[in-house]
Amino acid sequence: MSIKPIGDKVAIKPAQAEEVTKSGIILPGTAQEKPQQGEVVAVGAGTLLQNGERAPLEVKVGDRVVFAKYAGTEVKFNGEEFVILAEKDILVVLG
Amino acid sequence: MSIKPIGDKVAIKPAQAEEVTKSGIILPGTAQEKPQQGEVVAVGAGTLLQNGERAPLEVKVGDRVVFAKYAGTEVKFNGEEFVILAEKDILVVLG
Amino acid sequence: MSIKPIGDKVAIKPAQAEEVTKSGIILPGTAQEKPQQGEVVAVGAGTLLQNGERAPLEVKVGDRVVFAKYAGTEVKFNGEEFVILAEKDILVVLG
Amino acid sequence: MSIKPIGDKVAIKPAQAEEVTKSGIILPGTAQEKPQQGEVVAVGAGTLLQNGERAPLEVKVGDRVVFAKYAGTEVKFNGEEFVILAEKDILVVLG
Amino acid sequence: MSIKPIGDKVAIKPAQAEEVTKSGIILPGTAQEKPQQGEVVAVGAGTLLQNGERAPLEVKVGDRVVFAKYAGTEVKFNGEEFVILAEKDILVVLG
Amino acid sequence: MSIKPIGDKVAIKPAQAEEVTKSGIILPGTAQEKPQQGEVVAVGAGTLLQNGERAPLEVKVGDRVVFAKYAGTEVKFNGEEFVILAEKDILVVLG
Amino acid sequence: MSIKPIGDKVAIKPAQAEEVTKSGIILPGTAQEKPQQGEVVAVGAGTLLQNGERAPLEVKVGDRVVFAKYAGTEVKFNGEEFVILAEKDILVVLG
């Protein structure tokens, strides 16, 4: 079973606390607004343009990203938790 | 008798609690904002573009989707309850 | 004497309570936000596009529709009550 | 002396209470939001489009219209009162 | 010394109370929102369009206009008071 | 060392009180909203259009302008104070 | 390990207080709204246009910029703090 986000949306598997420590990321701030790290597990078909085409998203499956936590919606699926958000709410891709 | 959503709107038959358990989805969160699962039963003609054409929707009848419950409007029709919402308020299609 | 809505607006004659029961529709919800059923009695010339043309509306005279009651403006005309609203505030057409 | 509205604006001479009764219109609702009837006495050059042209307005001088009263600005001119509003705030033209 | 408004802005010299009386205009309403009469003394280069061109303004120097007073910014220049506002905040041109 | 504003932004050196008196400008109003006079010292590359080109700004270095003070951001640079604002927040160019 | 901002976003390494003093910038204002200086360390692929292309950003890696501090999101990465913000929230590039 899989999940396919709609349009410009992206599904992210949030990183566990221990992973974040290993990768060297420390995320500061208050609990409500702190950016969060995770891995892109599915991407939408792209942003709908006024000419009817879709601009493909920049991020791809497997990208590790930092995103503004408050911007997404949490969904549990087969016992795993995902965050669904619009690509524009992703701050950076970690390379 | 059937229902046909307008434009970019989609009609969804919300899943019953027992179905959700079988498919392995567990939806967390508060009652007001929790995402909900359902099946697409009808789709609109598409999003109106500035060139006058319509971009067809991504979802199709029969798709199982997760959506933000607060975004839709509930309508009862022939004894069944449906949620009508814009396609952009659908988070993911379950594959 | 007739009424002609402007642009993307539609004039709807709300269904009486007894009609709604016969057609099998039961509309739930609070009084302020509950969707309402009615018949389209007049439609505007269409949505103005940036190329100066008008995209014709999807609904046509005679369509039975469900709409978000709060979105429209009530007008009494020749003793009959109508609701005037933008087509986008119509949820579904009943087929 | 005449008045010429700007752009997509329309000048309306509101109907007197006795005229409204004769034409069979009864306007319900609270004083603040009730729709009002009147006659179009002047129209703007049209809505500016992104290609620099103007889309002519749908209403024309002499049209009897129903409009949302709160949307316009009242101006007295040569002892007569007019309401100036954007065409989109007109609900219907009476035919 | 002269003033040149930017873009879609217009500079207006507000009419004195005695002039308004002579021209037959009586402006009702509260002090904060009442429309005001004046003469256009300078106009901007026009509204920037998405093709990079500018749509010239409708009003021209010398036009007597009625405008929503709250929409503009008052500037005193060489001892005279002017109101600077976007053309869309002008209601009508007096002919 | 120089400053280069981004996009449609403009850098202005605010006029000193004594200069304003000499040029004959008297700026009324409350301290928070009063328009202010100054000289353009740097301009951005222009407004980004949907075709990817940039529409050059109307104002140029050396222009004396009046602007809405609340709209800009104050920056001190090499001991001098500048106001950075979008060109649309400039009211008029003094000629 | 590197960071790549999304779309029109830019990653900035904020300047330390001692650097700011050396370069001659003094940033006034309250703590919440004061502009801040920093160096661009990574830029996004550009602003998505309606034709599906991307307009490249104006700033480039190595640019020293002044930005509105409240507009960005702070992220710590490998022990260093960065601010991620949209290019439009950058006020000026220091030359």
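**Interface of chains F and G**

Three bridges join strand 1 of chain F to strand 10 (residues 90-94) of chain G, and the two strands run antiparallel. Strands pair if DSSP finds at least two bridges between them; strands are DSSP runs (E, at least two residues) numbered from the N terminus. F:Pro5 has G:Val92 of strand 10 as its bridge partner.

This is a predicted model: local features need pLDDT of at least 70, side-chain atom pairs count only at pLDDT 80 or more, and totals for chains, interfaces and linings use all residues. Residues are numbered from 1 along each chain as its sequence is written, chains are lettered from A in the order in which they are written, and side-chain values use heavy atoms, without hydrogens and water.

**Extent**
- Contact (heavy atoms within 4.5 Å) links 23 residues of chain F with 23 residues of chain G.
- About 1900 Å² is buried between chain F and chain G, with 62% from carbon and sulfur atoms. Buried area is the accessible area (1.4 Å probe) that two parts lose on being put together, summed over both.

**Salt bridge**
- The rule (side-chain nitrogen of Lys or Arg within 4 Å of a carboxyl oxygen of Asp or Glu) finds one salt bridge across the interface of chain F and chain G.
- F:Arg54 and G:Glu58 meet in a salt bridge through their side chains, at 3.6 Å from N to O.

**Elements on the chain F side**
- Strand 1 (3-5) and strand 8 (73-77) of chain F each give two or more residues to the side that touches chain G.
- Strand 8 of chain F gives the most, with five residues.

Methods: Helix = DSSP H or I, 4+ residues; strand = E, 2+ residues; numbered from the N terminus.
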